[in-house]
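Subject: Model for your files, with notes

Hello,

Please find the structure below, followed by my notes on it. They cover a few individual residues and some helix packing.

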Amino acid sequence: MSRINYDLCARDHVITLGHATKVMGIVNCTPDSFSGDGKLGEACLRYARKLIRDGADILDIGGESTRPGALNVSVKEEIRRIIPVIDALARKIKIPISVDTSKLEVARCALDKGASIVNNIRGTQISLAFLRMVRDYNASIVIMHMRGSPQTMRSKAVYKDVVREVIEELQISVEKCLAIGIKKDRIIVDPGIGFAKTAEQNLLLIDRLDKLNILRCPILLGTSRKSFIGQLLQDDTGDRLMGTAATVTAGVMRGAHIVRVHDVKAIKQTLTMTDAILNAHT
């Protein structure tokens, strides 16, 4: 299956999406990450630089865990965790930086310090004020599907047709972005694997990811180390690399343009082979 090609514009960055899948490396500046790889301060900076050496095309930096049941972090604390890291990296690296936050004040500080993408897990519940801020900075935005909050989302995984309903709810958010003045080439959609979905619903969304092409936006897929992989393989969080590799391969074969992962080096190799197969006919 051929992917639709896009140019994603994020401030000073133009990211060509299509023939080569982009790897978004996860940098958790938090002590309570579900994946157990959270780091703070200088350790977070060293880890970010390692991900770049491993082949990350984008860094996604966040300061608040969004695992089920995670506690809220204050704006002040989230800024304290991530802004020094973004500031230090933006002055020295050439790849785009994404800020993983749903707080307007945190996103604004990150964009001021050099981030160019905002990854908002509450994309289908996003405020107009947040969208206006993204527009004014000429940034890109990831609109992720989620119902409820990390505290309540498990109870919200009730759908008659999960694929259709996810697309419809994402479409509403895309239209909000366009209405507020965010350009289409700055919008990325994410089906929100693991957020208000059961394991079976996650698998169905990956299998039918190509249906999201109707939105005419680049597709981001985030499956890395998630609990549905552990349920199927009966593996702990740190032993889910092969399961993650299978999900990203299937997702890319069905149209994903960006994959958000912890294990950048291994997934980069996986995607090099997947892309070679997809592009063999060209």
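A polar contact here is a pair of N or O atoms within 3.5 Å; within protein, one must be able to donate a hydrogen and the other to accept it, and residues adjacent in sequence count only if both atoms are side-chain atoms. This is a predicted model, in which local features need pLDDT of at least 70 and side-chain atom pairs count only at pLDDT 80 or more, while totals for chains, interfaces and linings use all residues. Numbering starts from 1 along each chain as its sequence is written, and side-chain values use heavy atoms, with hydrogens and water left out.

Arg 186 and Asn 138

The side chains of Arg 186 and Asn 138 make such a polar contact, at 3.0 Å. Arg 186 sits in the loop between helix 5 (162-180) and strand 8 (187-190); helices (H or I, at least four residues) and strands (E, at least two) are DSSP runs, numbered from the N terminus. Arg 186 counts as buried because its relative accessibility is 8%; buried means under 20% relative accessible area, exposed over 50%, and partly exposed in between (1.4 Å probe, protein chains only). Leaving aside neighbours within four places in sequence, Arg 186 is in contact (heavy atoms within 4.5 Å) with Leu 8, Cys 9, Asn 138, Ala 139, Ser 140 and Ile 141.

Asn 138 itself is in the loop between helix 4 and strand 7 (140-144). Asn 138 is partly exposed, with a relative accessible area of 35%. Its phi is positive, near 60 degrees, in a residue other than glycine. Arg 11, not a glycine either, has a positive phi of about 55 degrees. Arg 11 belongs to the loop between strand 1 (6-10) and strand 2 (13-17) and is partly exposed at 31% relative accessible area.

His 145

His 145 is in the loop between strand 7 and helix 5, and counts as buried at 0% relative accessibility. Its side chain makes a polar contact with that of Glu 169, at 2.7 Å. Not counting residues up to four places away in sequence, His 145 touches several others, among them Thr 124, Tyr 159, Asp 190, Phe 195 and Lys 197.

Helix packing

Two packed helices are described by the angle between their axes and the distance between the axes. Axes are lines fitted to C-alpha atoms, for helices over the stretch in contact, and angles run from 0 to 180 degrees between N-to-C directions.

The axes of helix 2 (residues 75-90) and helix 3 (residues 104-112) come within 10 Å and cross at roughly 15 degrees. The two are therefore roughly parallel; that label covers angles under 35 degrees, with over 145 roughly antiparallel, 65 to 115 roughly perpendicular and the rest oblique. Residues making the contact include Ile 79, Ile 82 and Ile 86 of helix 2 and Val 106 and Cys 109 of helix 3.

Helix 4 (residues 128-137) and helix 5 pack at about 55 degrees with their axes 9 Å apart, and are therefore oblique to each other. Here Leu 128, Leu 131, Arg 132 and Arg 135 in helix 4 meet Lys 176, Cys 177 and Ile 180 in helix 5.

Helix 6

In helix 6 (residues 199-207), Gln 201, Asn 202, Leu 205 and Ile 206 are buried. Seen down the axis, these fall within an arc of 135 degrees, so they line one face of the helix; the arc is that of the directions from the helix axis to the C-beta atoms. Their cover includes helix 5, strand 9 (220-221), helix 7 (227-233) and helix 8 (241-253).

Regards
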